[in-house]
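Hello,

I am passing a structure over to you, as promised.

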Amino acid sequence: MRSLARSLQIGIPALLAGLSAFLVQAAVFQTGGKTGGDLLNPDSYGRCFYRAAMQINGGRAEVSVIACEGGVDSLRAAFRVEQATGEGRTLCKVILKPSPDAPPLMVAVAQSVSEAKASRSAEGRHRIDDIPIPSGARVLSFQRNEESRTSLERLAVRMPADGLRGYFDAILARNGWSRLFPESRESGLMVFVKGATVCCVGVGAADSYGESRVTLLHKQGSVK
């Protein structure tokens, strides 16, 4: 158990730092890129680092992460003249600028119209069956990558952060989970293992309305 804890202690920071990579990990793709680009074809903006089929709430989606070599200006120009809906599908995009010197990254989520409706209609449903959640918790979002068997769920719970940490500590122990690094009780992050599965529970401080945010990262087959 000590060697397992040590290996996980080394790997957990990388696991947490790469949440997005776990959820969109897949083969690496290359495209030539061009100035302007086509909003319905994210690859036209540059290099596609990751692509994966995912479940978002109740619908299926294709998620891509692209380095936009044409820069932010080309994206702004495209958004002014093109619609991000067409060909029987919807396309949602978020632009990130990791550093002043790096090209902007585009996270693109493509869904058919029916799958987009399924995602919207299934919001609010808890989907990580192995992890109980407090009564009255609101599910804000759910994502799952079948290839990596990784699920990410965000909750809002009307409970203080300390109470939530105590809740997950007790309920997961009753359900056969073992907590790693229990000495870090003041941290907002708790890490549990059960068999070959790891669950990270992140708890944020309550807001002015008394709601705390909880992030559940559930990874199957993570421990060997």
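Here is what turned up when I went through the salt bridges.

Please keep in mind that this is a predicted model. It holds eight salt bridges, and I will go through some of them here.

Let me start in helix H5, which spans residues 161-174. There, Asp162 pairs with Arg165, and their closest N and O atoms are 2.4 Å apart. The two residues sit three positions apart, about one turn of the helix.

Next comes the pair Glu146 and Arg144, a salt bridge whose closest N and O atoms are 3.4 Å apart. Glu146 is partly exposed, at 36% relative accessibility, while Arg144 is buried, with a relative accessible area of 13%.

The last pair belongs to a wider arrangement. Arg213 forms a salt bridge with Glu211, with 3.5 Å between the closest N and O atoms. Arg213 is partly exposed at 34% relative accessibility, whereas Glu211, at 11%, is buried. Both are part of a network of salt bridges that also links Arg138 and Arg158.

As background, side chains of opposite charge can pair when their charged atoms come close.

Enjoy exploring the model, and do write back with any questions.

Best wishes

Definitions and conventions: Residues numbered from 1 in each chain as written. Predicted model: local features only at pLDDT ≥ 70, side-chain atom pairs only at ≥ 80, totals over all residues. Heavy atoms only, no water. Salt bridge = Lys/Arg side-chain N within 4 Å of Asp/Glu carboxyl O. Buried < 20%, exposed > 50% of the residue type's maximum accessible area, 1.4 Å probe, protein only. Helix = DSSP H or I, 4+ residues; strand = E, 2+ residues; numbered from the N terminus.
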